[in-house]
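Have the model open while you read.

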Amino acid sequence: MGATDKQEHDAIHWLDQYGDALYRFAMARVHDSFTAEDLVQETLLAAYRSYKNFSGKSTVKTWLTGILKNKIADFFRKLKPEYGDANLGDYASSTANLFDKKEKWKIKPGDWGGDPKNVFERKELMAVIRACLTDMPEKTAYVYTMRELEGATTNEICERIQTGENNCWVILYRARMLLRRCLEVNWFGR
Amino acid sequence: MRHWMFSCKKITSMISESMDRDLSLYKRMGIRFHLMMCALCRRYRKQLLFIKSVLQQSDGVEDIFCQSLPSDARKRIEEKINDEGKHSHD
């Protein structure tokens, strides 16, 4: 039983050591504390069960994060389509009223002035971005986060959530439209 | 034709697309001509690039979401791990 005890000890040790990092990683992508908790738990249990497969080539943290990434992708794959897929309603709502019938700007992009000058302003801006991402449809925010923050290619993204590449571009467009507008209203106050 | 051949709405999606893949020459020229004429779409493009640059300057996504694992959640996970340990003894 010695080996099992050691494994068990390890899983608890991972929780102590990497629990916060894994939780933040999950939160940044699913924006829901209960889902994030479940994902961290599943990750640690899966790691515990497959410890013998851990080659030691990467760090434990990288290994755990890899497992978590897959768990997150599974989560979004299983989400009901109406949540995230580029259905017409969602797509329309990201551009609704922004353009007139001739597809010219109706709600015109405002002048955002200069970039945030100091750390304080930047922190505030990040908080607004976070709130905006949290408000977005889940899969939209996830796809956008993978693209802009992790630098994943659209190819990698559609593989991960198993959707067509065209759908990915539509989702990214929608995310940018929503985030731009959300910042305009909530940060630049227009 | 004032804005060459693409509408503002179409241009906004093409600009977004250009951030994810290389566009055809036809589309690139379309965007360039449109932007020469249209201050609002120029502004839109600048704003998208600004948002992208802000996100890329942050030290990763987790930075934006600076929560740590709540202690009650930690306890629940710990119990699960211990359970799992017991089962594998059986």
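## How the chains meet

Buried area is the accessible area, found with a 1.4 Å probe, that two parts lose on being put together, summed over both. Keep in mind that this is a predicted model. Here, the area buried between chain A and chain B is about 5,200 Å², and carbon and sulfur atoms give 65% of that. In terms of residues, 59 from chain A are in contact with 46 from chain B.

## Charged and polar links

How many salt bridges are there between chain A and chain B? The count is six. In one example, Arg49(A) pairs up with Glu84(B), and their closest N and O atoms are 2.7 Å apart. There are also 17 residue pairs in polar contact between chain A and chain B.

Now for the side of chain A that touches chain B. The helices that each supply at least two residues to it are α1 (2-30), α2 (33-49), α6 (119-135), α7 and α9 (165-186) of chain A. The most comes from α1(A), with 15 residues. Sorted by class, this side has 29 nonpolar, nine polar and 21 charged residues.

## A space inside

Which residues line the largest cavity? They are Tyr144(A), Glu148(A) and Arg176(A), plus Met19(B), Leu48(B) and Ile51(B).

Both α7 (138-150) of chain A and α3 (39-57) of chain B supply at least two residues of this lining. By class, the lining has four nonpolar and two charged residues, with no polar ones.

Notes
Residues are numbered from 1 along each chain as its sequence is written. Chains are lettered from A and ligands numbered from 1 in the order in which they are written. This is a predicted model: local features need pLDDT of at least 70, side-chain atom pairs count only at pLDDT 80 or more; totals for chains, interfaces and linings use all residues. Side-chain values use heavy atoms; hydrogens and water are left out. On a 1 Å grid over the protein atoms alone, a cavity is a set of points where a 1.4 Å probe fits but cannot get out, and a pocket is an open set with protein on both sides within 12 Å along at least five of seven lines; lining residues have an atom within 4 Å of a point. Helices (H or I, at least four residues) and strands (E, at least two) are DSSP runs, numbered from the N terminus. Ala, Val, Leu, Ile, Met, Phe, Trp, Tyr, Cys and Pro count as nonpolar, Asp, Glu, Lys and Arg as charged, and the others, Gly among them, as polar. Contact means heavy atoms within 4.5 Å. A salt bridge is a side-chain nitrogen of Lys or Arg within 4 Å of a carboxyl oxygen of Asp or Glu. A polar contact is a pair of N or O atoms within 3.5 Å; within protein, one must be able to donate a hydrogen and the other to accept it, and residues adjacent in sequence count only if both atoms are side-chain atoms.
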